[in-house]
Amino acid sequence: VVSWNAIIAGYAQHGYGEEAYEFFQQMQQEGMKPNVVSWNAMIAGYARHGHGEKAFELFWEMERMNVKPNKFTITSILKVSASLAALEEGKRVHAHIIKSGFDLDLSVGSALVVMYSKCGSIEDARQVFDNMRIRDAVLWNAMISGYAQHGCAEEAFKLFQQMQKEGVKPDVVSWNVMIAGYVQHGRGEEALELFRVMQQEGMKPDSVTFISILKGCACLAALEEGKWVHAHISGTLLESNLSVGTALVDMYSKLGSLEDARAVFNKMPKQDVVSWNAMIAGYAMHGHVKEALKLFQQMQWEGVKPNVVSWNTLIAGYAQHGHEKEALELFRQMQQEGVKPDVVSWTAIIAGYAQHGRCDEALELFSQMQQKGLKPDVVSWTAIISGYVQHAQSEEALNMFQQMQWEGIKPS
RNA sequence: AGCCCGUUCGCUGA
């Protein structure tokens, strides 16, 4: 069984769910009964590669076959519920945990708190949190993060202080959670303030801290602060961190400081598709589409394959700046290259047409997108509605607005 | 035998 498990785990971890499953079945044909480790390997494999439904199926099947889950099983299945925001499934798992008398240890407790808050039920998360007898930093962080992500900055801060009163020292994640919460809700000032305090208190920022805080600077359009943060990074090991480098490029790009962005980009020890995309976006968003295209080609010469975001970035750049035709051409090219347009690609083109008064064409694309089986989201709808509004076609705008709600999409 | 248990993190559309 151990050897079978090793094989299954190997395939499952690397996204070969089918192959793993074949071995999983084969071992049963050969008269071996998968144990909890075999099941966990399968479930975790599916979970990691975005096949949440399959993970759930296996979880309940495991139940039926009377194999007792352990805490690895429980935490990975709760993670799936969290990432799918599947509250009902998550509750079923929770109920099952209680029913089977499973020990609610810290890791399961934290996973439950995360599951409930990612599923939007902060009250349930709090209840789990309150019922835990022992609380470590991870559990506190999970709860604080729940509030912070929901925009309840005050409650998050209260807990942040309370954890310290109860003798649990905030770790770097606690600070990061607080900072990210402020940034995500447009409260960059407070994020920067916490960033200062954390250093006064002797806590060293890590890559995540810097990434969040740089995003905050970009949102605040605070170039000076961004440069100040950059200065903190320079000369440290983080300077050669890929994600930090990308966050710097992104910050400078968004603030239109393309020379700085380019300088950071060129100094990075290596670039991946995300850093290329950030750099390309800098040019594309500011209307330098030729330069963006040049980089796009250069990226490929250097052996980096454009992903759907790369294409979307270019398309959006062209579409926003009055080059709908070229955008459409790129849209065709991306499909030839085997990259499937997603809702963002379609919306970028639709928005381009709509903004420039070509609402009929936008509408045509809008229905084509649905024929292809893609469901417009609130951004797609808003793009087309605001096109009508801007071009004094209020009746059509109102019409679309109603249709959107019939489709069950809430205005934002 | 189930990667570092569970919490935070980089690129694109209105």
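Modeller: Begin with helices, which are DSSP runs of H or I with at least four residues, numbered from the N terminus. Ile7 lies in helix 1, residues 2–13. The model is predicted, so local features need pLDDT of at least 70 and side-chain atom pairs pLDDT 80 or more, while totals for chains, interfaces and linings use all residues. Residues are numbered from 1 along each chain as written, chains are lettered from A and ligands numbered from 1 in written order, and side-chain values use heavy atoms, without hydrogens and water.

Biologist: Is Ile7 buried or exposed, or in between?

Modeller: Buried means under 20% relative accessible area, exposed over 50%, and partly exposed in between (1.4 Å probe, protein chains only). Ile7 is partly exposed because its relative accessibility is 35%.

Biologist: Where is Ala85, and what is its phi?

Modeller: Ala85 sits in the loop between helix 5 (71–84) and helix 6 (87–99). Its phi is positive, about 50 degrees, although Ala85 is not a glycine. With a relative accessible area of 45%, Ala85 is partly exposed. Ala221, in the loop between helix 13 (207–220) and helix 14 (223–233), also is not a glycine and has a positive phi of about 55 degrees. Ala221 counts as exposed because its relative accessibility is 57%.

Biologist: Which side chains have polar atoms close to RNA strand B?

Modeller: A polar contact is a pair of N or O atoms within 3.5 Å. A polar side-chain atom of Asn277 is 2.4 Å from a base oxygen of RNA strand B.

Definitions and conventions: Helices (H or I, at least four residues) and strands (E, at least two) are DSSP runs, numbered from the N terminus. A polar contact is a pair of N or O atoms within 3.5 Å; within protein, one must be able to donate a hydrogen and the other to accept it, and residues adjacent in sequence count only if both atoms are side-chain atoms.
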